[in-house]
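Hi,

Here is the structure I said I would pass on. Have a look at it first, and then read on for what turned up.

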Amino acid sequence: MLQNFSLPLTIFHGCKTQLNRKNVISFSRKCLQNQCISTQATGQRHLDVRQDKFSPRRSLHREFKAMDVFIPNRGFKLSVPLRKENKRRDFSEKILLGYSMEQLFNIVSDVEHYKDFIPYCTSSVVTSHKTPCHLIADLSFGFPPFPEEGYTSSFTLTSPTLVKSVCVDRELFNHMVTIWKFSPGLNGNPNTCILDFYLSYEFRSLFHTHLSRIFSDLIVGKMITAYSAEAKRRYGAASPVKAYGI
């Protein structure tokens with residue numbers, strides 16, 4: 001009956017003596033009595049918190065203040081927990097590019113040279129490449145004036161259609177996945193392809209989460225532009241592409 005009833009501990013402010021067994025029993029009876037009065041008056045299973053002169057809480061305040069009862073100050077739990085902040089961020093982009101699937105795949109899978117053309121990438125070291133379809137790399141990024149941060153990522157390579165990167169350590173990210181999918185572009189033009197870009201991540205710290213909210217759109221946009229710029233540097237001007245609904 002009383003499981004949802006919370007004690008108005010503030011009414012004992014200024015009291016000085018510890019509760020003994022007799023006072024605890026008396027206090028419990030008074031609480032039950034006032035809860036019943038409040039339930040009959042309002043239909044609610046909690047004390048009336050109005051501060052008028054007829055309030056049961058005000059009456060209880062006066063009586064227990066006269067008893068000079070002290071209740072130690074303790075922590076409390078909210079009956080309804082605060083909603084946990086969602087720190088995960090997801091991005092997706094689908095664009096038509098004037099380069100072939102093979103050309104774009106070769107650029108994205110060239111992880112060792114990310115530091116040469118990916119914005120803010122300060123280091124990209126392939127630590128394991130046991131098969132042509134899988135590699136492990138340590139990547140570092142720096143965004144002035146903030147310090148450089150690094151993580152280890154596992155890459156899955158499926159030529160010429162897919163590159164997938166998954167963060168495999170838990171120091172910087174709780175979750176980090178990047179996917180590049182390549183599919184044929186314009187009919188009759190093999191030098192065009194459609195890039196499906198997907199990025200999903202969740203930083204461990206609130207500091208990095210707040211930074212990502214400010215700069216993430218800018219950084220993702222620069223990353224996509226960087227692949228096109230590197231393709232132009234390696235393979236020359238892009239094939240012309242007309243307006244294409246994707």
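Predicted model: local features only at pLDDT ≥ 70, side-chain atom pairs only at ≥ 80, totals over all residues.

Now for H5 itself, which covers residues 206-235. At 1.5 Å a residue, its 30 residues should span 44 Å, and the end C-alpha atoms are 41 Å apart, which agrees. H5 also has a kink of about 60°, centred on Phe215.

Which residues of H5 are buried? Quite a list: His208, Thr209, Leu211, Ser212, Ser216, Val220, Met223, Ile224, Ala226, Tyr227, Glu230 and Ala231. What do they pack against? Their partners include helix H3 (101-108) and helix H4 (114-117), along with strands such as S3 (89-97), S8 (173-184) and S9 (193-203).

Thr209, in helix H5, counts as buried because its relative accessibility is 1%, and the cut-off is under 20%. Setting aside neighbours within four places in sequence, Thr209 is in contact with Lys87 and Phe203. Thr209 and Arg88 are 121 residues apart in sequence, yet their C-alpha atoms are 8.4 Å apart in space.

The other one is Tyr227. Again leaving out neighbours within four places in sequence, Tyr227 is in contact with Ile107, Val108, Tyr114, Phe117, Ile118 and Trp180. Tyr227 also belongs to the largest nonpolar core, which has 38 residues. The residues with the most contacts inside that core are Tyr114, Phe155, Trp180, Phe182 and Tyr227. S9 gives the most to this core, with six residues. As a general point, nonpolar side chains in soluble globular proteins tend to be buried together.

On to the sheet. Seven strands make an open sheet with antiparallel pairing, in the order S3-S9-S8-S7-S6-S5-S4. S3 and strand S4 (121-131) are at the edges with a single partner strand each, so one side of each has no neighbour in the sheet. From one strand to the next, the twist averages 15°.

Within the sheet, S8 and S9 run antiparallel and are joined by eleven bridges. If you want a place to start, find Val177, which stands opposite Ser200 in S9.

Lastly, H3 lies across S3, S6, strand S7 (162-167), S8 and S9, and runs at about 160° to S8.

Happy browsing!

Methods
Residues numbered from 1 in each chain as written. Heavy atoms only, no water. Helix = DSSP H or I, 4+ residues; strand = E, 2+ residues; numbered from the N terminus. Expected span 1.5 Å × (residues − 1). Bend = angle between axes of the 7 residues up to and from the residue. Buried < 20%, exposed > 50% of the residue type's maximum accessible area, 1.4 Å probe, protein only. Contact = heavy atoms within 4.5 Å. Core = buried A, V, L, I, M, F, W, Y, C linked by side-chain atoms within 4.5 Å. Pairing = 2+ DSSP bridges. Axes fitted to C-alpha atoms, helices over the stretch in contact; angles between N-to-C directions.
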